[in-house]
Amino acid sequence: MKKILALLLAVVMLFSLAACGGASNGDDIKVGFICLHDEKSTYDLNFLNGVTEVKAQLGLKDDQVIVKTNIPEGDECYQAAADLVDQGCDVIFANSFGHESFMIKAAKEFPEVEFCHATGTRAHTEGLANYHNAFASIYEGRYLAGVAAGLKLNEMIAAGKFSANEAKMGYVGAFTYAEVISGYTSFYLGAKSVCPTVTMDVQFTGSWYDAPEEKNAAEALIAAGCKLISQHADSMGAPSACENAGIPNVSYNGSTVEACPNTFIVSSRINWAPYYKYMIETVKEGGKIAADWTGGIAEGSVVLTDVNTKAAAANTAETLKTVTDGIKAGTVKVFDTKNFTVNGAALAADHKADVDTDDNYTPDTAVVINGIFEESKFRSAPYFDLRIDGIKLLNEKF
Amino acid sequence: MFKNALKNKTPLIRVVKRGRDALPWQFGILVRAIAIISALIVSGIIIMMLSGKNPIEVYASMFDGVFGTPRRIWNTLQNTVILLCISLAVTPAFKMRFWNCGAEGQVLVGGLATVSVMMFLGDKLPLPLLLVIMLAASVLAGMIWALIPAVFKSIWNTNETLFTLMMNYVAIQLVAYFLKVFAKDGSGVLKPMPQFGLPVIGKYQFLLNIIIVAVVTVIVYIYLKYSKHGYEISVVGESENTAKYIGIGVKKVIIRTLAVSGAICGITGLLLVGGTDHTISTSTVGGQGFTAIMVSWLAKFNPIYMVLTSFLIVFLDRGAGQIATKFSIPSSISDIVTGIILLFIIGCEFFLTYKIVISKSGREEK
């Protein structure tokens, strides 16, 4: 009796499996999204807006997209992913760094479903056919934002507000991870490309979202003589401190022009819709999703907001367009080793970075090709973590 | 003159505790059932107004979210037993009127102790021995975290509500600190170590957790109801002076009870870290230490009722989460529904315990 039951069960399972497999080929593709928080967090809102956008682009129906919000970075993430598999999802995406281990666990258990993870680092070393990482080359966006900052500094120098040697920027960062270092370095290099004398102070807060701490950090930087502030953290702390002090601000994650009409210059952000579109269409066509995918300006993954003409220097929009075209054409390289030094020396041609994450930051991959530090080429998440000259880190406790 | 008149006036509405005129228990059950049903109706109307969906469909999807698939049933059971275990932990202290608001931190340090043992001894010891050390470490850590405020309370009569509450933040920051030390890749995320976790029975990831909590429930029930300790706890809770008069060492009882409370919290930490996540983060307990207070109160400190109240909370939480997912409405709906239902339940408890007396004449003077 038991045997017959087991056999019956096996048959049923086979059928349901076949039914699932069939689904991925047709138009009835189903996509699951896992978000750490909900729309109240700017970070998650950016992902959720991408979902809305791709739904419209691909004409997906409501029941083809399942979004699970407030999924913590623990076993709940694995449970949520498994539940999405139960609901018939063909591809599942998770948005927070700490989800990675649990997505890998789910990917191992459900080889017939594709798992995609934003900001993760382990797809290229895990060797799973159905587990993938994605990021955007946001350093391109930050470089452009830096250009806008440099132009503003030039304008203020020309107006006699301070001398060229006093052109110092301030930057509020969350942690001393490669993601943040890569971000502020590209921002600085963008500014330096138009304002050669610029220097920068960086203050870390130890949190991705801490409005009072970010505000304090920005105010301290302004008090220390910084003429312009930018930030890599998710609250309105730094932008509002700038608006109060009348100091120009280059923002992140989206426009803050409504709250800061007099000081907001421009902001860069990642648009996730292009990756979603790529991942969904690839699964639909039965293709293979890349283990690491990095979208840039050309793909529409990195976008700039409109320039606020009230605060930005004249001709900022035009200059940004020229530089954008340069990046798209490959003539402008953000991490060109000719443009920066580390401890007074140029970067060695055989410099290695820690791409295959390990506990000791072992440099394992040669990343300089033809004089260019190739960021996000060997994996999608950033790995540029050099302390270059001209940037002073005020604290490294995080 | 006027002032005096006001003073002597009996208020128009008074709240009086029901004494001999307590309501029959059948009536109590009826009232509670009506309260839950009306809460469901009110939250249904609100959901309908917010999402424009038919409430029947909304309730159906709630059930679907909780029982829809075998996996969902297991998840519901798992969430229930974890919440239940924390509620069981705070109950002995509550019965003694020691307001232990520190379960969040006590569970977290239990988890931290577990994860530390897994990290540093995991590959050095055979698994059975490792599990014993994990259990001992988690119980000890939870105990210490509960004993600190208990000792201060019994010696210097410090305020335990504030003390235990503050200890939560110390625990959270400790975890944040050790994550920084443990996760050497600088990401602040500790990779799970399932190889050093509690054993899995068959294919059922959560079965062991469920069995352990079931055993703990029975033990706590017997401990509170039939043991001498349990009796002492009740007496201290009713009146410290009575307890002193009949020769109960109040200080000793406070310290001993908090040791029990902390130990069960430590076990929950073991179940969460060793039996579920295999890693730790500052949000591993996720506020359940506070929800447990409500679960324990709603069940009137009875461990058997707590099975029902913790299930009710988990049902609401998971069900409302499914509503938010299915109808793409903000997940705050979950908190709204839970709030409404709890308001009705607590409200009906109030009217069952107290009665409202309306004076016949507002100007009645004594």
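How many bridges join strand S3 (residues 91-94) of chain A to strand S4 (residues 114-118) of chain A? There are 4 bridges, and the two strands run parallel.

## Ground rules

This is a predicted model: local features need pLDDT of at least 70, side-chain atom pairs count only at pLDDT 80 or more, and totals for chains, interfaces and linings use all residues. Residues are numbered from 1 along each chain as its sequence is written, while chains are lettered from A and ligands numbered from 1 in the order in which they are written.

Helices (H or I, at least four residues) and strands (E, at least two) are DSSP runs, numbered from the N terminus. Two strands pair if DSSP finds at least two bridges between them.

## The sheet of chain A

S3 and S4 belong to an open sheet of 6 strands in chain A. The order is S2-S1-S3-S4-S5-S11, with parallel pairing. S2 and strand S11 (292-295) form the edges, and each pairs on one side only. Neighbouring strands are turned by 20° against each other on average, direction ignored. Within the sheet, Phe93(A) stands opposite Cys116(A) in S4(A).

Helix H4 (residues 100-109) of chain A packs on this sheet. H4 of chain A touches S3, S4 and strand S5 (131-136). Its direction makes about 170° with that of S4(A). Axes here are lines fitted to C-alpha atoms, for helices over the stretch in contact, and angles run from 0 to 180 degrees between N-to-C directions. Contact means that the C-beta atoms of two residues, placed from the backbone, lie within 7 Å.

## Two domains in chain A

Chain A is assigned domain 1 (28-137 + 272-295) and domain 2 (138-268 + 302-343 + 378-393). Such bounds come from an automatic or database domain assignment. The domain centres, taken over C-alpha atoms, are 30 Å apart.

Domain 1 of chain A brings 16 residues to the contact, and domain 2 of chain A brings 10 residues. Helix H2 (42-58), S5 and S11 each supply at least two residues of the domain 1 side. S5(A) gives the largest share, 4 residues. The domain 1 side divides into 5 nonpolar, 10 polar and 1 charged. In this count Ala, Val, Leu, Ile, Met, Phe, Trp, Tyr, Cys and Pro are nonpolar, Asp, Glu, Lys and Arg charged, and the others, Gly among them, polar.

## Nonpolar cores

A nonpolar core is a set of buried Ala, Val, Leu, Ile, Met, Phe, Trp, Tyr and Cys residues joined through C-beta atoms within 7 Å. The largest has 120 residues. Val91(A) and Met279(A) are among those with the most contacts inside it. Helix H6 (residues 138-158) of chain A gives the most to this core, 10 residues. Both domains of chain A contribute at least three residues each.

Beyond four places in sequence, Val91(A) is in contact with residues including Val31(A), Cys116(A) and Met279(A). Another core, of 84 residues, lies apart from the largest one. Cys85(B) and Ile333(B) are among its members.

## Where the chains meet

The contact between the chains takes 23 residues from chain A and 21 residues from chain B. Strand S2 (65-68) and helix H3 (75-86) of chain A each supply at least two residues. H3(A) gives the largest share of the chain A side, 5 residues. That side divides into 6 nonpolar, 8 polar and 9 charged.

## A residue of chain B

Thr80(B) lies in helix H4 (residues 70-95) of chain B. Thr80(B) counts as buried because it has 22 C-beta neighbours inside 10 Å. The cut-offs are 20 or more other C-beta atoms within 10 Å for buried, 12 or fewer for exposed, and in between for partly exposed, with C-beta atoms placed from the backbone. Thr80(B) touches Ser310(B), Phe311(B) and Val314(B), leaving out residues up to four places away in sequence.
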